[in-house]
Amino acid sequence: MIDLYFAPTPNGWKISVMLEECGLDYSVKWVNIGAGEQFEPEFLAISPNNRIPAIVDHDPIEGEGPISVFETGAILLYLANKAEKFLPKDLPGQIAATEWLMWQMGGLGPMMGQHGHFKLYAPDRIAYATERYRNEVLRLFGVMDRRLAEHHYLAGSEYSIADMACFPWVQTYKRQEINLSDFPNVQRWYEILKQREGLRRGMALGRDKINRNPQDDAEVRKTLFGIKE
């Protein structure tokens with residue numbers, strides 16, 4: 001059994017999608033990030049960066065007691081090795097999947113997160129910041145579109161953890177007012193992935209718990225964004 005410490009965010013959904021796609025047994029441990037539960041000592045013991053998600057595997061690969069893993073890229077790689085799924089067996093495929101996973105973690109996710117923050121949540125709408133991050137997000141969508149013009153999936157011919165990492169962030173395109181039709185290969189990839197039952201189950205987790213307007217609550221705003229009155 002795997003404990004999934006989770007909140008319904010793009011980063012959280014990366015792992016719920018992977019667990020569903022792999023068919024691994026897991027139990028959800030809800031973390032109310034608006035209430036600051038990510039700063040509790042019990043959570044910090046498994047996720048020292050005070051960010052969700054994290055997992056505790058009670059039946060780890062080596063079979064020697066519970067093991068915890070934090071950071072989504074590390075979790076996806078761990079689960080891929082545990083389940084022996086969604087990481088290509090050949091070396092070029094493994095390299096490609098890892099490259100695009102790291103691309104998401106270092107680029108697509110952080111830049112979409114910053115754009116979304118300044119566009120949707122910032123108390124003062126700063127045109128320079130919003131435009132700067134929007135331009136970078138559009139550049140990254142272009143990078144992804146060019147990759148998918150030549151390959152069915154990000155790692156090549158196989159659906160992999162790289163696709164699972166990117167999908168939850170790409171799904172925010174409407175709220176971030178990105179015209180997906182400007183990136184036809186990303187749009188094609190997105191529509192194909194949307195049909196996967198495991199991905200749909202993973203993406204459905206916690207939908208009823210989403211706070212779409214955290215900026216409206218002073219305490220939540222302070223906890224999530226460090227914004228003091």
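Ring pairs join F167, Y173, W189 and Y190 into a cluster. The model is predicted. Across the whole structure, a search turns up ten aromatic pairs. Disulfides number zero. Strand β1 pairs with β2 in the parallel sense and with β3 in the antiparallel sense. A cis peptide bond sits between I52 and P53.

**Aromatic pairs**

- A pair of aromatic rings is described by the distance of the centres and the angle of the planes.
- Among the ten pairs found, F118 and Y133 are stacked, with 5.8 Å centre to centre and 10 degrees between the planes.
- F118 belongs to helix α4 (residues 91–121) and Y133 to helix α5, so this pair ties together parts 15 residues apart in sequence.
- F118 counts as buried because its relative accessibility is 17%, under the 20% limit.
- Y133, at 19% relative accessibility, also falls under that 20% limit and therefore counts as buried.
- F167 and W189 make a tilted pair: the centres are 6.2 Å apart and the planes stand at 50 degrees.
- That pair links distant parts of the chain, with F167 in helix α6 (residues 161–170) and W189 in helix α7 (residues 184–194), 22 residues apart.
- Both F167 and W189 are buried.
- The two rings belong to the cluster that also holds Y173 and Y190.

**Charges over rings**

- R207 lies over the face of W13, 4.2 Å from the ring centre.
- K209 lies over the face of W30, at 4.8 Å from the ring centre.

- T130 is part of helix α5 (residues 127–150).
- Its relative accessibility is 18%, so T130 counts as buried.
- Leaving aside residues up to four places away in sequence, T130 touches H115, F118 and K119.
- One of these contacts, F118, is the residue stacked with Y133.

**Strand β1 and its partners**

- Strand β1 spans residues 2–6 and is mostly covered, with four of its five residues buried.
- Five bridges connect β1 to strand β2 (residues 26–30), and the pairing is parallel.
- In β2, S27 stands opposite D3.
- From β1 the chain crosses through helix α1 (residues 10–22) to β2, and this β-α-β crossover is right-handed.
- Strand β3 (residues 54–57) runs antiparallel to β1, joined by four bridges.
- I55 in β3 is the bridge partner of L4.
- In a regular strand the side chains alternate between the two faces of the sheet.

**Cysteines**

- A disulfide is a covalent bond between the sulfur atoms of two cysteines.
- The count here is zero.
- C22 is in no disulfide, and the nearest cysteine sulfur, that of C166, is 17 Å away.
- Seen from C166, the closest cysteine sulfur is in C22, and 17 Å is too far for a bond because the cut-off is 2.5 Å.
- C22 is buried, with a relative accessible area of 7%.
- C166 is buried too, at 0%.

**Backbone exceptions**

- Most residues other than glycine have a negative phi, and most peptide bonds are trans.
- The peptide bond joining I52 and P53 is cis, with omega about 0 degrees.
- P53 sits in the loop between α2 (41–44) and β3.
- N50 lies in the loop between α2 and β3 as well.
- N50 is not a glycine, yet its phi is positive, about 45 degrees.
- The relative accessible area of N50 is 17%, so N50 is buried.
- E177 is another residue other than glycine with a positive phi, near 55 degrees.
- E177 is found in the loop between α6 and α7.
- With a relative accessible area of 52%, E177 is exposed.

Technical notes:
Residues are numbered from 1 along each chain as its sequence is written. This is a predicted model: local features need pLDDT of at least 70, side-chain atom pairs count only at pLDDT 80 or more; totals for chains, interfaces and linings use all residues. Side-chain values use heavy atoms; hydrogens and water are left out. Helices (H or I, at least four residues) and strands (E, at least two) are DSSP runs, numbered from the N terminus. Buried means under 20% relative accessible area, exposed over 50%, partly exposed in between (1.4 Å probe, protein chains only). Contact means heavy atoms within 4.5 Å. Two strands pair if DSSP finds at least two bridges between them. A crossover is right-handed if, with the strands pointing away from the viewer, the path from the first strand over the helix to the second runs clockwise. Rings of Phe, Tyr and Trp (its six-membered ring) pair if their centres lie within 6.5 Å; planes under 30 degrees apart count as stacked, over 60 as edge-to-face and the rest as tilted. A charge sits over a ring if NZ of Lys or CZ of Arg is within 6 Å of the ring centre and within 35 degrees of the ring normal.
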